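Subject: A structure for you to explore

Hi there,

Here is the structure I promised to pass on. Please open it next to this email and click along as you read.

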Amino acid sequence: MIDDIRETKECQQKDPMDLFHSGQVVKICAPMVRYSKLAFRTLVRKYSCDLCYTPMIVAADFVRSAKARDSEFTTNKGDRPLIVQFAAKEAQILCDAAGIICPFADGIDLNCGCPQRWAMSEGYGACLINKPELVKDMVRHVRSQIDNPKFSVSIKIRIHEDLKRTVDLCQKAEAAGVSWITVHGRSTEERHQPVHYDAIKIIKQSMSIPIVANGDIKSLKDAENVHHLTEADGIMVARGLLANPAMFAGYEETPFQCIQDWVDIALEHGTPFTCFHHHLMYMMERITSKQEKKVFNVLSSTSAVLDYLNDHYGL
């Protein structure tokens, strides 16, 4: 897929840091496995999303395999500014991945927050918050080897129970040249417990680079509240945007126009049926009855979904 966009790369380069210097809270679509792909990024950008991340990509596979590059990364000239998130545990591998991606994106993000067992057992994700020197080394390597000063290098982390350790990690990353840090306000062990927004505020007050708050933000009002609670420079949303891709534009629930836009974009991009259908299930969760869900959620083809939307909503 990289070859498809080679000709448009130069004129499209953006500096994501401009967003953080705009004086407005930066509205960000999180890296979501299977979901934050090109078609969905295209949709949320129509509804006031400022910055999008790709799903997490394992850097070693990306560097080693052209097949992995083609299947994991797709973009186009309108897909900017764009951050590519990598799982990595070796500085040079992350640098090599960043070098490949640099002409086609505006920055990379190192995943230091994924709590899934497979990622942590491989040395990826949230286990990196316990290896601040390694994180610092990886950030510094990318900074020194990518010669485009506008190319951002960020990290996404979870917090330690002892917050001093998190502040230490962040300060080490800042010293290495990290552009900004996204903080999911839970520890590695926490899943559905309340988010520690107070911890994000302490981290923000300890740093001079932008901090992005993440965790349990389901509406624009939530985003505004979290901004006030944490003083964060940006707000990153995952499931809230799946349920309502128009959230950042101020809609309380997914408007029908957004559903129509998704159908148009997904068909134009050749989105696989399962992904196309799952996004619609999320978007229609709040606006369909239990009985309607029973029918809609078991539909098994694009044509059946289109017929259903036409019959029930005139879409």
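**Before you start**

This is a predicted model, in which local features need pLDDT of at least 70 and side-chain atom pairs count only at pLDDT 80 or more, while totals for chains, interfaces and linings use all residues. Residues are numbered from 1 along each chain as its sequence is written, and side-chain values use heavy atoms, with hydrogens and water left out.

**The annotated domain**

An unreviewed UniProt entry places the feature "domain: DUS-like FMN-binding" at residues 29-292. UniProt positions are given here in the numbering of this model, feature names are shortened, and annotations may be inferred rather than shown by experiment. Over residues 29-292, the chain is 45% helix and 14% strand, with the end C-alpha atoms 28 Å apart. Helices (H or I, at least four residues) and strands (E, at least two) are DSSP runs, numbered from the N terminus.

**The pockets**

Pockets and cavities are found on a 1 Å grid over the protein atoms alone: a cavity is a set of points where a 1.4 Å probe fits but cannot get out, a pocket is an open set with protein on both sides within 12 Å along at least five of seven lines, and lining residues have an atom within 4 Å of a point. Grid points are joined across faces, edges and corners, and a volume is the space filled by probe spheres set on the points.

The largest pocket has a volume of about 870 Å³. Its lining has 31 residues, and Pro-31, Met-32, Arg-158, Ala-238 and Arg-239 lie nearest its centre. The elements giving two or more residues to this lining are β6 (152-158), β9 (234-237) and α13 (239-243). By class, the lining has 14 nonpolar, nine polar and eight charged residues (Ala, Val, Leu, Ile, Met, Phe, Trp, Tyr, Cys and Pro count as nonpolar, Asp, Glu, Lys and Arg as charged, and the others, Gly among them, as polar).

Which residues does the UniProt annotation "binding site" cover? In the unreviewed entry they are Pro-31, Met-32, Val-33, Gln-85, His-184, Ala-238 and Arg-239. From this set, the lining of the largest pocket takes in Pro-31, Met-32, Val-33, Gln-85, His-184, Ala-238 and Arg-239. You will find His-184 in strand β7 (residues 181-184).

The second largest pocket holds about 460 Å³ of space. It is lined by 23 residues, and Lys-37, Leu-38, Thr-74, Thr-271 and Pro-272 are the closest to its centre. Two or more lining residues come from each of α4 (38-46), α6 (66-72), α14 (256-269) and α15.

**A cavity**

There are two cavities of 30 Å³ or more in the structure. The largest cavity has a volume of about 50 Å³, and residues lining it include Met-281, Glu-285 and Phe-296. Helix α16 (residues 290-296) gives the largest share of that lining, three residues.

**Two helices side by side**

Helix α15 (residues 273-283) packs with helix α17 (residues 302-313) at an angle of about 25°, and their axes are 10 Å apart. That makes α15 roughly parallel to α17, a term used for angles under 35 degrees. Axes are lines fitted to C-alpha atoms, for helices over the stretch in contact, and angles run from 0 to 180 degrees between N-to-C directions. Phe-273, Phe-276, His-277 and Leu-280 in α15 meet Thr-302, Val-305, Leu-306 and Leu-309 in α17 (contact means heavy atoms within 4.5 Å). These contact residues divide into six nonpolar, two polar and no charged.

**Two backbone details**

Arg-80 and Pro-81 are joined by a cis peptide bond, with omega about -5°. Pro-81 sits in the loop between α6 and β4 (82-87). Ser-48 is not a glycine, yet has a positive phi of about 70°; Ser-48 is in the loop between α4 and β2 (51-53).

Enjoy exploring!

Key: Parallel < 35°, antiparallel > 145°, perpendicular 65-115°, else oblique.
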